[in-house]
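Welcome! Take a moment to look over the sequence and the model, and then let us walk through a few features together.

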Amino acid sequence: MIALVDCDSFYASCERIFRPDLKDKPVIVLSNNDGCVIARSREAKALGISMGVPYFKVREVVTKNNVAVFSSNYALYQDISSRALETIRNFCPEVEPYSIDESFLILDSLRLRDEAAFAKRLRQFIKRSVGIPVSVGIGQTKTLAKIATKIAKQADEGIYNIAAQEDPDCILASMAVEDIWGIGQHQSKKLRAVRIRTARDLKYAEDGWIKKHLSVVGLRTVYELRGFRCFGFKEIPDNRKSICVSRSLGTYLTNYNELSQAVAFYASLASEKLRAQRSLANVVTTYISTSFHVPDCYWGSKRVCLATPKNDSPSIVRAALEGLRLAYIEGKKYKRVGVLLSEISSCKELQKGLFCDIKQSKKLDILMREIDKINLEANKPLVWLAAGGKPESQKWVTSASMRSPRYTSYWDELPTIKV
Amino acid sequence: MGRFNTTTGFPTPAAEKAHSLDLNELIIYNRASTYFLRASGDCLKLGICNGDILVIDRSLNPCDGDIAVVVKDDSLQLKEIIPSEVIHPNFSDEWQERFFGIVTWVIHKAK
């Protein structure tokens, strides 16, 4: 059996750990630069605040209902996430973290007699020792565990075992096809066109048709619905293999030089992420856009291919700036920039190009490693390329005016207790 | 062939791997469930001074005489556990609502 542990309203729950006054109160967390709502407590959902909605659109509801609003505090979320993961690892040796708030547990080696009882204990222990609520879904495969988790979120006890149901098809019939893990918008359109609307329909779809229209990856999802494990340990269906750093800017930028500083800065952040996972990228895409809420909204993006896969900041930044040069139109007020790294491969798989200077690239590797070490220890960028601009001139850096203290990361931001 | 190796000079007395004391080993029982709180105000009875750092372990069960952090009036407060409050290890919902953790260490700055 496979279990999926999924933290409930994760960011909002983190904000509540040291704020007992927020219990049962609506809480929302905003994206970088306080642009959109990216997390909502159950109470905030009940007020009709939807996921991803721009903050200014819900401001009225927020003041009227006394909703607690937070800028995102990733130092806190990351720390709580690692605590939850460590706790889960004490319960099960085979754990695969999937995202900041989800982990798959392969339960086979535990030889459990009652998976639901195990899930209940795990859930209670995480709540108590880390301080956040989680839901647990159990199924024969990762895809089924994902579906079970969706149902667990609705259940009072926060646990659901789809494998223990007498008629699992009945459950699958209630699950829309686009809500299945690994089925994207594009695929669900194709499926709906041939009247495959629910997970149950997809489970009994014809193999040949699926393979032809959704490829082998789609077929694996179908097999998973039937209870055959196709996604093993460390395997996920939608392996997008890309890294994206995108931000809405603190101010509007029209000037090309300022915009290029922002692009260079975020490109080097993206390359740092790339190096952290020991990968190389072949394609760098830069995109810039104006606010989406103006009539003549502009969105430009350009792809730049590298001669050989790279992960050092200078190469990535150079390519990102080339992309910017092509995507930039004068006279627009830009509000958002992003850098996407794609066609990613592992450092190990690298085939050295014919014209590659191995000695030079080794030197660069060492330099990058040292810079990453400094920035990692400081927990913020201390060293970056001059192209990213001086800190005092980075007026586009996002503001986080409503961020809670980084309670667990900095000594001078500890929560206090009246004695 | 290791045993035929010849060595000259005295063998180093530090043949074992160096091991220095690490305060984390002493103070933190469970990393994942340990949080730090800063005391504001003094409490002579509990030996806590303003600015001290309280080490809290959320995973421990309260025992008689423990100092616990509890939720009261929407805030975190300290409380000594009395025998009638010693709780059996199955964690009822009510227990979870009220208790934040057990104070395991008080770090007091002397200089």
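B:D74 is partly exposed because its relative accessible area is 43%, which falls between the 20% limit for buried and the 50% limit for exposed. Please keep in mind that this is a predicted model.

**Positive phi angles**

- Most residues other than glycine have a negative phi.
- B:D74 has a positive phi, near 65°, although this residue is not glycine.
- A:E343 sits in strand 12 of chain A, which covers residues 334–346.
- Is A:E343 buried, exposed or partly exposed? A:E343 counts as partly exposed because its relative accessibility is 48%.

**An open sheet in chain A**

- Strands of a sheet pair through backbone hydrogen bonds, and they can do this in a parallel or an antiparallel way.
- In chain A, 5 strands make up an open sheet with mixed pairing, and their order is 5-6-1-7-8.
- Which strands are at the edges of this sheet? They are strand 5 (95–99) and strand 8 (159–161) of chain A, and each of them pairs on one side only.
- From one strand to the next, the twist averages 15°.
- Strand 5 of chain A runs antiparallel to strand 6 (residues 102–106) of chain A, and 4 bridges join the two.
- Within this pair, A:P97 stands opposite A:S103, a residue of strand 6 of chain A.

**Helices across the sheet**

- Helix 4 of chain A (residues 74–91) lies across strand 1 (2–7), strand 5 and strand 6 of chain A, and its angle to strand 5 of chain A is about 155°.
- Helix 6 of chain A (residues 142–154) lies across strands 1, 5, 6, 7 (134–139) and 8 of chain A, and runs at about 140° to strand 7 of chain A.

**A nonpolar patch on chain B**

- Which residues form the nonpolar patch on the surface? They are B:L23, B:L26, B:Y29, B:W105 and B:I107, and together they have about 480 Å² of accessible area.
- Helix 1 (23–27) and strand 5 (99–107) of chain B each contribute at least two residues to the nonpolar patch.
- B:L26 has its place in helix 1 of chain B, and counts as partly exposed because its relative accessibility is 47%.

Notes:
Residues numbered from 1 in each chain as written. Chains lettered and ligands numbered in written order. Predicted model: local features only at pLDDT ≥ 70, side-chain atom pairs only at ≥ 80, totals over all residues. Heavy atoms only, no water. Patch = residues over 30% accessible without salt bridge, like charges linked within 9 Å, V, L, I, M, F, W, Y side chains within 5 Å. Areas by Shrake-Rupley, 256 points an atom, 1.4 Å probe, with all protein chains shown as cover. Salt bridge = Lys/Arg side-chain N within 4 Å of Asp/Glu carboxyl O. Buried < 20%, exposed > 50% of the residue type's maximum accessible area, 1.4 Å probe, protein only. Pairing = 2+ DSSP bridges. Axes fitted to C-alpha atoms, helices over the stretch in contact; angles between N-to-C directions. Contact = heavy atoms within 4.5 Å.
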